[in-house]
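Please examine the structure before reading each solution.

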Amino acid sequence: MKKLLLIFGLLSVNQLANAQNAYQNHSQLTSRLKALSARYGTNASVQSIGKSKGGRDIWALTIGKGNVSQKPAIAIIAGVDGAHLAGTELAVQLAEKLLGSASDSVAKLFDTKTFYIVPGVNPDAQEQYAAKVKFERSGNDTDTDDDRDGRMNEDPFEDLNGDGLITQIRVEDPAGTYILSKDDPRVLIKADPAKGEIGKYLLITEGFDNDKDGLFNEDGVGGVNIDKNTTYDYPIFVAGSGEYAASEPETRAILDFVQEY
């Protein structure tokens, strides 16, 4: 029986600087993976293992030589949380470095092992980085009722100052729980009553309280976080976990892929 080692959430601190400012949208990632397959066709092939809730392909790059299905394999799964863009970039960089290497050790590796690299499991969320208005997003395109009021996506973020970024806003309020940092007044920290500190500010995300429930932006686009939707230790009734384990097409695509290969 073939042995398969799974590695989730690839991330290297030493390589992180190389990935910054290099994040790509889904179309660019697709072109990049297909270019690798075209250039290194003897050792690489790319296939779609499923579609996201938003209809985007979930790509898997197979690296190896000869009968790859009969060799011990390593599966590198990245971008499961859509906010972890560095993992996706580094997974692709790993593939590029392996395929571009001329060393004997890498050639021997290709002869004896197979690599399956899935760089972006949650392309719906990752696409938010390339959107006109940018904010950190972990969920796919599944509509969810995060505040359980019977309505979907009725209280999203709003770009109030039109800078293309969703940030945070401080509001001076006697009921606030934050104070200015002594080290940097641009930063707010939680007031500690045990130290006699009294809160002076509220900290909210950029937008309006559209549904007038006292909360800001608690039910916007975001969907299901694939990182919380797996079958192992599934968190029931937790925001972002989905209606049930493996409810999402992205989760099932990974499970089916691992089962098959």
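**Rings and their contacts**

R170 lies over the face of Y201, at 5.7 Å from the ring centre; a charge sits over a ring if NZ of Lys or CZ of Arg is within 6 Å of the ring centre and within 35 degrees of the ring normal. The model is predicted: local features need pLDDT of at least 70, side-chain atom pairs count only at pLDDT 80 or more, and totals for chains, interfaces and linings use all residues. Residues are numbered from 1 along each chain as its sequence is written, and side-chain values use heavy atoms, without hydrogens and water.

**Exercise 1.** Determine how the rings of Y23 and Y129 are arranged.

*Solution.* A search of the whole structure finds three aromatic pairs (rings of Phe, Tyr and Trp, the last by its six-membered ring, with centres within 6.5 Å; planes under 30 degrees apart are stacked, over 60 edge-to-face, the rest tilted). For Y23 and Y129, the centres are 5.4 Å apart and the planes stand at 80°, so the pair is edge-to-face.

**Exercise 2.** State whether Y23 is buried or partly exposed, and do likewise for Y129.

*Solution.* Buried means under 20% relative accessible area, exposed over 50%, and partly exposed in between (1.4 Å probe, protein chains only). Y23 has 22% and is partly exposed; Y129, at 33%, is also partly exposed.

**Exercise 3.** Classify the pair of Y116 and F257.

*Solution.* The ring centres of Y116 and F257 are 5.6 Å apart with planes at 90°, so this pair is edge-to-face. Concerning accessibility, Y116 is buried at 1%, and F257 is buried at 4%.
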